[in-house]
Amino acid sequence: MRPILRYCAYILLFDNTNKYIDIQIMNITFDNSEKVSGLLTIVIDEADYQDDVRKQLNEYRKRVNMPGFRPGNAPMALIKKQVGPSIKVDAINKLVGNKIYEYIHENKINMLGEPMPHEGEAPVDLDQPAPYTLKFDIAVAPEMDIKLTKKNKIAYYDITADDKMIDEQVEAYASRTGSYEKVESYEDNDMLKGDLRELNADGTTKEGGIEVSEGIILPAYIKADDQKALFQGCKLGDIITFNPKKAYPGSTVEVSSLLKITKEEAENIESDFTFQVTEISRYKKHAVDQELFDQVFGEGTVSSEKEFREKIAANLKEQLDTNAEYRFLSDIRAYVEKKLGKVEYADSIMKRIMLANNKDKDQDYVEKNYEDSIKELTWHLAKNKIMEQCEIKIEDADVKDVAKEMTRMQFAQYGMSNIPEEYIDNYAEEMLKKPEQVDQLVNQAADRKLMKALKDVVTLDVKQISFEDFQKLG
């Protein structure tokens, strides 16, 4: 059984001989006999909080405007009656909070979540005179015996970028940097521009009907095959009669966009329309030439298709290595979880903490999600233990490097790989200003440093594998 930890807070006073007097003002005990939970008890006397209450009352008295009294001169008895109880509660709450966390820190208790009021304990009546005894249930992180060494053999996949992947990337770059050219007749995936006119039931132009100049239609995206077929092989100047509602069944958004009307109006459209073709545009991929090389990698960086493909292969290898590293970390996690087996937690307290942290949810939510939450917590604790073993610390520079890397990847998705470092740096700084992203960046920085460190800690079972086969791994 673990000993009961005891903590006493002290104040120092002078007596009339100018000697220090030690006075104990607060008593805290922690019964940790259950290992993964403990009962923390605080006994508060009036002397513990009276100075703070007196100070707050005086501050309030200086500020309050009370009818019949000059500012700062309202009777203290009246002030105490008006706000004394709430100030007392605030002072005690502040005192208790500070002392709990001071105690937890000084005694190096690895507390999980927040202290919870002791279950089954009657609320303390602060209207009664002190002392007050407050009890809290504390969930404590389980002890984990985790130490990775060269005796631990973990698979590491060396993923290769084959010609198929390089071809696909060349195709993607050429497609993204292509352009439209004017043609005389329609082929699949061409874009049509023309004038639309609404018709009467007898096929004549409807007087006062809907008319649209230079409307745009992409026949490949028409949902009804019979309507799509009406546009096949059309040429400049051709007039095609079709029905927008039949062309886009159930989609008032597409009809309203084509006819430039509201969605409500589009719901009532039943008419046929003529579409006179005034322009046909065909998207042409960029040639694999020096202009494309310069657009993708910067002017003069590569000067031949062979160098272009080699550069693409190098970039792909960086991405594939990232995939391999995260797979490696995932395998490390599976290995550690298997080694740990079932980890004991103070389930009842942990569920109360989870419910308190999800105030908009109910107990059913907690029961359904508790096991997954505990699994993530176990890995978080184990990962921290391994990081301590590897002496890994996360610095601000590590987090910014991750933000910059994410920025480069975002630009790369649009085929932009030669962005000046100044722009990358500015985008990264903006990411770091968003609190909701900082935690994610910190976690990624930790994962990155951990993956790098563990390569030297464990034995790597290197396996050559294609990206296609890598994707099939469970």
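Entry 1, a bent helix. I looked at α2 and found a bend of about 65° at Val83, with a proline, Pro85, following within four residues. (A bend at a residue is the angle between axes fitted to the seven residues ending there and the seven starting there; helices are DSSP runs of H or I, at least four residues, and strands are runs of E, at least two, numbered from the N terminus.) I then checked the span of α2, residues 76–106: its end C-alpha atoms are only 39 Å apart, whereas a straight helix of 31 residues would span 45 Å at 1.5 Å a residue. The expected span is 1.5 Å times one less than the number of residues. After α2 comes Lys108, with a positive phi near 50°.

A note on my source. This is a predicted model, where local features need pLDDT of at least 70 and side-chain atom pairs count only at pLDDT 80 or more, while totals for chains, interfaces and linings use all residues. Residues are numbered from 1 along each chain as its sequence is written, and side-chain values use heavy atoms, with hydrogens and water left out.

I found a kink of about 50° in α11, centred on Asn369. Still, α11 (residues 363–389) reaches 38 Å from first C-alpha to last, close to the 39 Å expected for its 27 residues. Its buried residues include Tyr370, Trp379 and Met387; buried means under 20% relative accessible area, exposed over 50%, partly exposed in between, with a 1.4 Å probe and protein chains only. Among the elements covering them are β4 and α14. Just after α11, Glu391 has a positive phi of about 55°.

Is Asp137 buried or exposed? Asp137 counts as buried because its relative accessibility is 8%. I placed Asp137 in strand β5, residues 132–140. Its side chain reaches the backbone nitrogen of Glu119 at 3.0 Å and makes a polar contact with the side chain of Arg352, also listed at 3.0 Å. (A polar contact is a pair of N or O atoms within 3.5 Å; within protein, one must be able to donate a hydrogen and the other to accept it, and residues adjacent in sequence count only if both atoms are side-chain atoms.)

I saw the axes of α9 and α14 come within 10 Å and cross at roughly 80°.

Definitions and conventions: Contact = heavy atoms within 4.5 Å. Axes fitted to C-alpha atoms, helices over the stretch in contact; angles between N-to-C directions.
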